[in-house]
Amino acid sequence: MNKKYCIDTEENKQFLKELREELLRFGHRFPSSGGGSYYLGDDGAPWKERSRETWITSRMAHVYSIGKMLSHEGSTELVHVAIKGLTGELHDKEHGGWYAGLTADGTVLPGKQCYAHAFVILAASSAYLAGCADAEPLLKEALALYDARFWNEDEGLSCDIWNTEFEILDEYRGLNANMHTVEAFLAVADVRGDETYRVRAGRIIDRVLGWAKENDWRIPEHFTRDWVPDLDCNKEKPDDPFKPYGATPGHGIEWARLITQWALSSFRDTKESAVRYIEAAECLYNRAVDDAWNRDGAPGLVYTTDWNGTPVVHDRMHWTLAEAINTSAVLYRVTGKEKYAADYGKFMEYLDTTVHDKENGSWFHQLDRENRVIGTVWPGKSDLYHALQATLIPYAPVELSIAPAVRKMSKR
C-alpha cells in the first residue's frame with residue numbers, strides 16, 4: 001500500500017496536513033452579516049437562500065477555534081463572528097436557548113433542539129480554549145440551559161426537542177443528540193475540569209451499550225418517551241438526514257471512538273477498568289464496518305442497514321468515512337491490532353481516490369452506491385466539522401477531546 005495511506009508514516013502525516021489546510025481555506029466564506037453560518041456549496045460559496053442553522057454555526061466556531069490553535073490565518077476573526085452569531089441572531093433572548101435557525105428572510109425556525117444545544121456547548125468550550133473573550137459567558141449559559149431543559153438526571157439521558165417557547169416537550173427520544181451530548185460533555189470536562197460532565201457521559205454510554213448488546217451491536221437510534229426502542233421509526237423515509245430508519249453504521253463507529261475516549265479519560269490510573277469498554281467499542285466498530293464496508297460491489301460505507309445488517313440506504317456519506325478514519329486510528333493506538341491499521345489504510349485510500357474533491361476542495365458529502373456524487377440528502381458541503389477532525393484525531397492523544405488535544409500538541 002502507498003505510504004501516503006499508512007498510519008504513522010511521514011507521508012500520511014503530510015497528506016492529512018495538506019487536507020487540513022485546504023479544508024480551513026475552503027470554509028472562509030461561511031459567515032453571514034449577523035454571524036450565523038451559511039450552508040456552503042460545492043465550491044465553498046455560501047448558499048444564502050438556505051437557512052442559517054445553529055448546529056452548523058456551532059460547528060464552524062469549533063472548527064476555526066481549532067484553526068486558531070493551529071495558527072491558520074483568519075481563524076481569529078472567523079471564531080469571533082461565529083460566536084457573535086450564537087450570542088446574537090441565533091440566541092432566543094425571550095425564552096432562552098438557541099433557535100434551530102433562521103430562514104433567509106430572518107424567520108425563526110421552530111423548535112429547540114438538543115442536538116443543536118450540544119453543539120453550542122462544544123463550540124463555546126473550544127472557543128474558550130482558543131482565547132475568545134465572549135466564549136466563557138456563552139459556555140456558562142449553554143450549560144445552565146442544557147442542564148435545565150435537556151438533561152434528565154433520573155434517566156441519565158437527554159430528551160430531544162422542545163417547542164420554541166420551552167413549553168411543550170416532544171415525545172420522541174433519540175441517541176444522535178445523546179451522542180453529541182457525550183462529545184460536548186467530555187469537552188467540558190477536559191476544558192473546565194468539571195468531572196460531573198464526564199460522569200454524565202458515562203451514564204449515557206452505559207445505557208447505549210445495554211441497547212447495543214440487545215441488538216447484536218447495532219445501536220437503536222429512535223425511542224418513545226419512555227425510552228422503548230422504536231425499530232420501525234421512519235421506515236417510510238429511510239434516508240432522513242437526522243432520523244433514518246434502521247441502524248446507522250457511522251454512528252456505531254462514532255460511538256466506539258467516544259466510548260474509548262471516555263473510558264481512558266475516566267480510568268486514567270486503573271486502565272484495566274477501561275478494558276471492557278474498549279472491548280465493547282471494538283464490537284461496535286467491527287459490527288458497523290462488517291455491515292457497511294463494500295457491501296454492494298464498490299468501496300464505501302453504506303448509510304443505513306436493517307436490523308439484520310442488510311443495507312437499506314446504499315449512499316455513502318462523507319461523515320461516515322471521517323468517523324471510520326478516526327476510530328480505526330484510535331483503536332489501533334489503544335489495542336495495537338494491525339487490523340485497525342489496515343482499515344485505516346483502506347479508508348485513507350478511498351478518501352484520496354474517491355471522496356476528496358480535488359477540483360473544488362473539501363470532501364464530497366454524498367455519493368451513491370456506485371460512488372457518483374449526488375445531493376439528495378446532503379447537497380453541497382455544509383460545514384467542515386467531520387472532515388477537519390479526521391485530519392487531526394488519528395495523531396491526537398486518545399483520551400482527550402479534540403480541541404484540548406490540538407492545544408496540547410501545538411505547544412510541543
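Visitor: Where is alanine 274 found, and why does alanine 274 count as buried?
Guide: In this predicted model, alanine 274 is found in the loop between α8 and α9. Its relative accessibility is 0%, and buried means under 20%, so alanine 274 counts as buried.

Visitor: What does alanine 274 touch, not counting residues up to four places away in sequence?
Guide: Alanine 274 touches Ala263, Leu264 and Phe267. Leucine 351, which is 77 residues away along the chain, has its C-alpha atom 31 Å from that of alanine 274.

Visitor: How do you know that the length of helix α9 agrees with what it should span?
Guide: Helix α9 covers residues 275–292, which is 18 residues. The expected span is 1.5 Å times one less than the number of residues, which for α9 comes to 26 Å. The end C-alpha atoms of α9 are 26 Å apart, so the two values agree.

Visitor: Which residues of α9 are buried, and what do they pack against?
Guide: The buried residues of α9 include Tyr277, Ile278, Leu284, Tyr285 and Val289, and also Glu282 and Asp291. The buried residues of α9 pack against the helices α7, α8, α10 and α11 and against β11 and β12.

Visitor: What is the phi of the asparagine that follows α9?
Guide: Asparagine 294 follows α9 with a positive phi, near 50°. Most residues other than glycine have a negative phi.

Visitor: How does α10 compare with its expected length, and what follows α10?
Guide: α10 has 18 residues and reaches 26 Å from first to last C-alpha, close to the 26 Å expected at 1.5 Å a residue. Glycine 336 follows α10, with a positive phi near 75°.

Visitor: What makes α10 count as mostly covered?
Guide: Of the 18 residues of α10, 15 are buried.

Visitor: What makes α4 and α6 parallel or antiparallel?
Guide: The axes of helix α4 (residues 114–129) and helix α6 (residues 175–192) cross at roughly 20° and come within 8 Å. Angles under 35 degrees count as roughly parallel, so α4 is roughly parallel to α6. The crossing of α4 past α6 is left-handed.

Visitor: Which residues meet where α4 contacts α6?
Guide: On the α4 side they include Tyr115, Phe119, Leu122 and Tyr128; on the α6 side, His180, Glu183, Ala187 and Val191 are among them. By class, the residues of the contact of α4 with α6 are 13 nonpolar, four polar and one charged.

Visitor: Why is α7 called oblique to α8?
Guide: The axes of α7 and α8 come within 10 Å and cross at roughly 135°. Roughly antiparallel needs an angle over 145 degrees and roughly perpendicular one of 65 to 115, so α7 is oblique to α8. The crossing of α7 and α8 is left-handed. Among the residues that meet are Arg198, Ile204 and Val208 in α7 and Trp255, Leu258 and Trp262 in α8. By class, this contact has nine nonpolar, three polar and one charged residues.

Visitor: Where do serine 71 and aspartate 216 lie, and what is the phi of each?
Guide: Serine 71 lies in the loop between α2 and α3, with a positive phi near 65°. Aspartate 216 is in the loop between α7 and β10, and its phi is positive too, near 55°.

Visitor: How do you know whether threonine 376 is buried or exposed?
Guide: Threonine 376 has 60% relative accessibility against a cut-off of over 50%, so threonine 376 counts as exposed.

Visitor: Where is threonine 376, and what is threonine 376 in contact with?
Guide: Threonine 376 is found in the loop between β13 and α12. Leaving aside neighbours within four places in sequence, threonine 376 is in contact with Asp315 and Gln366. Aspartate 239, 137 residues apart from threonine 376 in sequence, is 8.9 Å apart from it in space, C-alpha to C-alpha.

Technical notes: Residues are numbered from 1 along each chain as its sequence is written. This is a predicted model: local features need pLDDT of at least 70, side-chain atom pairs count only at pLDDT 80 or more; totals for chains, interfaces and linings use all residues. Side-chain values use heavy atoms; hydrogens and water are left out. Axes are lines fitted to C-alpha atoms, for helices over the stretch in contact, and angles run from 0 to 180 degrees between N-to-C directions. Helices (H or I, at least four residues) and strands (E, at least two) are DSSP runs, numbered from the N terminus. A crossing is left-handed if the near helix is turned anticlockwise from the far one by less than a right angle, and right-handed if clockwise. Contact means heavy atoms within 4.5 Å. Ala, Val, Leu, Ile, Met, Phe, Trp, Tyr, Cys and Pro count as nonpolar, Asp, Glu, Lys and Arg as charged, and the others, Gly among them, as polar. Buried means under 20% relative accessible area, exposed over 50%, partly exposed in between (1.4 Å probe, protein chains only).
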